[in-house]
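User: I'm new to this one and would like to look around with you. Could you show it to me first?

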Amino acid sequence: MAVKDYLRERFFPHMWCPGCGHGTVLNGLLRAVEKLGMSKNEMVMVSGIGCSSRISGYVDFHTLHTLHGRALAFATGVKLSKPELTVLVPMGDGDALAIGGNHFIHAARRNIDITALVMNNRIYGMTGGQFSPMSGYGTSATTAPYSNIDHSFDVVELSKAAGATFVARTTAYHVQNMADIIRKAILHEGFSVVEVLTQCPTYFGRKNRMGGAVEMVKWLKDNTTPIGSKAKQENPELIERGVFVQKELPEYCNEYNKVIERATKGR
Amino acid sequence: MEEPTTRFVQGNEACVEAALYAGLEFFAGYPITPSTEVAEHLAIRLPQAGGRFIQMEDEIASICAIVGASLTGHKVMTATSGPGFSLMQEGLGYAVMAEIPCVIVNVQRGGPSTGNPTHVSQGDVFQARWGTHGDHAIVAMTASNHQDLFDVTVEAFNIAETFRTPVILLFDEVIGHMREKLVIPPAGKIPLVERLRTSVKGGVDYHPYLPREDGRLPMSDFGGEHRYNVTGLFHDMWGFPSNNPQVVHGLLRHLVDKIQNNANRMARYKEYYLKDARTILVSYGSSARSALHVVKNRRARGERLGLLELQTLWPFPEHIVREKCETAQNVVVVEMNMGQVLQLVKQAVDDPDKVFLANRVDGGLITPTDIRNILRLIQGKGV
């Protein structure tokens, strides 16, 4: 199947701003799905609210566009009730880590076989440029007009600590690498987190004088480096990308099958 | 046919047995007094039946998880109490908008806020109706004893599956924790409604949100042949977001009409000695037990007292209340709140001035003595 066969083409052109990185994430995601040769009927995409969450409207899977922050909770119900389905959950950084932070850490803790994509553009775009938990200290936003005093999370460290068994970071610049990482995340049996650093020229870029989309994508290229690279040793400020965690631990739905076995034993 | 089983159980356990009887396959919940036993018993019983139980991180997640599981084609339920029910309002609205069959149990305790966790109240009647934002219709039912609780729980699943709607079971702490006899009928005794699934073949355009002439909307399970969109936004017949005024208007009307137009079908109530009653008590849930005690007691002394016990609270059976109370001189609403159903009864009858409240809001169960004292006041006899 070609990549475009996974799209609901009648909804194009998409609603994202010119220069937004979310379309690139959609591209990487579908290339991963295509490479895996997955059937559309076995795929469920569950999303929340925000610019990123509109991605579910464009893919020809079973799609569940839910409430702000709650995508992983809905997805948990989908997956546990029908474990044979492949469940993808794209979220924005505010969606996943502010309003949805609790659901995020608990989905990771359960190690349920869901692939979570955090499309991190460091801003609330749909509501017009308020700071997110990923904006970071010293940034500017409509709700941080005197410079932001909120510190940001490290999604990778948070996911590791919460128990995710696959944790990776990539960017909207490294499209081939993104598709490869998402493919691995889908294949991984357990809770997978892929943080995709992406650009919002309309709000984050403009508010923080980062230039247009081209400059912002270049920033992603210049400020990230493969895990453990020589460049990282020379410049600790660089953000590492790649697969940080990939380990086999009992997966939640499989474990629940054992619960059913124990409950029905001798009955 | 197999024999009925007789048990001596808590109301919360009766609710579990009824849900399993109705075909419950998936439960997500979070511990909260006084509903916790529902989760505890389902943690044991659901996997025995091949179903799935999950304890979520909070009540918000619980209601979201059951919506997800309903979409894969399963009968689903969650259970909570006041504070958790407040958290569930967001997901409840989603289930209304996306037309997801599900059952939400609220074993009421005293509120507002953390309130009076281990004590009884009936303070969530209006929260059940209007707790989630926006215009909508809702179904809420209750019961005063375990046998009725069993029946309305099965009925809640039947209504949820028939009308693609969330149904709220508004029990209370006394019913939830009290132990009494329950006779579980043999399988097949109470008819069960199974979800209407589309007969549209794969590859043919399927409209998940296009009502048939009878107002019902055939579903297709996630993972099946039809891929469609589900959203909490106003949406078209394919489930895709739309802000077209005609679409918005049509959907809102449909969401309200499918419940309101079937209010008669959903109206469950019981009546005791109403025919010649001069004073009618209107009550529901555990309050109705005390009300019935008073009525029986007074009847033995020749007083013309009757009881109308409501089991369906929403849609409020206005015309039934009006008809039954028409010839009564006095109507006394017996409930454990500051007069929630009282307002509805006042609206329903011709003369709102003949409607009085007998209530108790201190966490104790309203007793026959409490009701008798109010009756004396109404009848001008003093306390």
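User: How many bridges join strand β7 (residues 166-171) of chain A to β8(A), and which way do the two run?

Analyst: Before we start, this is a predicted model, so to speak of local features a pLDDT of at least 70 is needed, side-chain atom pairs count only at pLDDT 80 or more, and totals for chains, interfaces and linings use all residues. Residues are numbered from 1 along each chain as its sequence is written, while chains are lettered from A and ligands numbered from 1 in the order in which they are written. Strands here are DSSP runs (E, at least two residues), helices are H or I runs of at least four, and both are numbered from the N terminus; two strands pair if DSSP finds at least two bridges between them. One spot to look at is A:Thr171, which stands opposite A:Leu197 in β8(A); in total, β7(A) and β8(A) are joined by six bridges and run parallel.

User: Which residue of β8(A) does A:Asn120 stand opposite?

Analyst: β4(A) is joined to β8(A) by six bridges, and the two run parallel. Across that pairing, A:Asn120 stands opposite A:Leu197.

User: What is the strand order of the open sheet of nine strands?

Analyst: The pairing is mixed. β9 (224-226) of chain A and β10 (229-231) of chain B stand at the edges with a single partner strand each, so one side of each is left without a neighbour in the sheet. Reading across, the order is β9(A)-β10(A)-β7(A)-β8(A)-β4(A)-β3(A)-β1(A)-β2(A)-β10(B).

User: What is the bridge partner of A:His65 in β10(B)?

Analyst: Here the sheet goes from one chain to the other: three bridges join β2(A) to β10(B), and these strands run parallel. A:His65 has as its partner B:Thr231.

User: Which element of chain B gives the most to the side that touches chain A?

Analyst: Contact means C-beta atoms, placed from the backbone, within 7 Å, and 33 residues of chain B are in contact with 33 of chain A. Several elements of chain B supply at least two residues each, including α2 (36-48), α4 (82-98) and β10. With nine residues, the top contributor is α3(B).

User: Which residues touch the most other members of the largest nonpolar core?

Analyst: A nonpolar core is a set of buried Ala, Val, Leu, Ile, Met, Phe, Trp, Tyr and Cys residues joined through C-beta atoms within 7 Å. In soluble globular proteins, nonpolar side chains tend to be buried together. Of the 181 residues in this core, the ones touching the most other members are A:Val89 and B:Val345.

User: At about what angle does helix α2 (residues 71-81) of chain A run to β3(A)?

Analyst: This helix lies across β1 (43-47), β2 (62-65), β3 and β4 of chain A. Its residues A:Ala71, A:Leu72 and A:Ala75 are among those touched by A:Val89. The angle to β3(A) is about 180°.

Definitions and conventions
Contact = placed C-beta atoms within 7 Å. Axes fitted to C-alpha atoms, helices over the stretch in contact; angles between N-to-C directions. Buried ≥ 20, exposed ≤ 12 C-beta atoms within 10 Å, placed from the backbone. Lists of a residue's contacts leave out its neighbours within four places in sequence.
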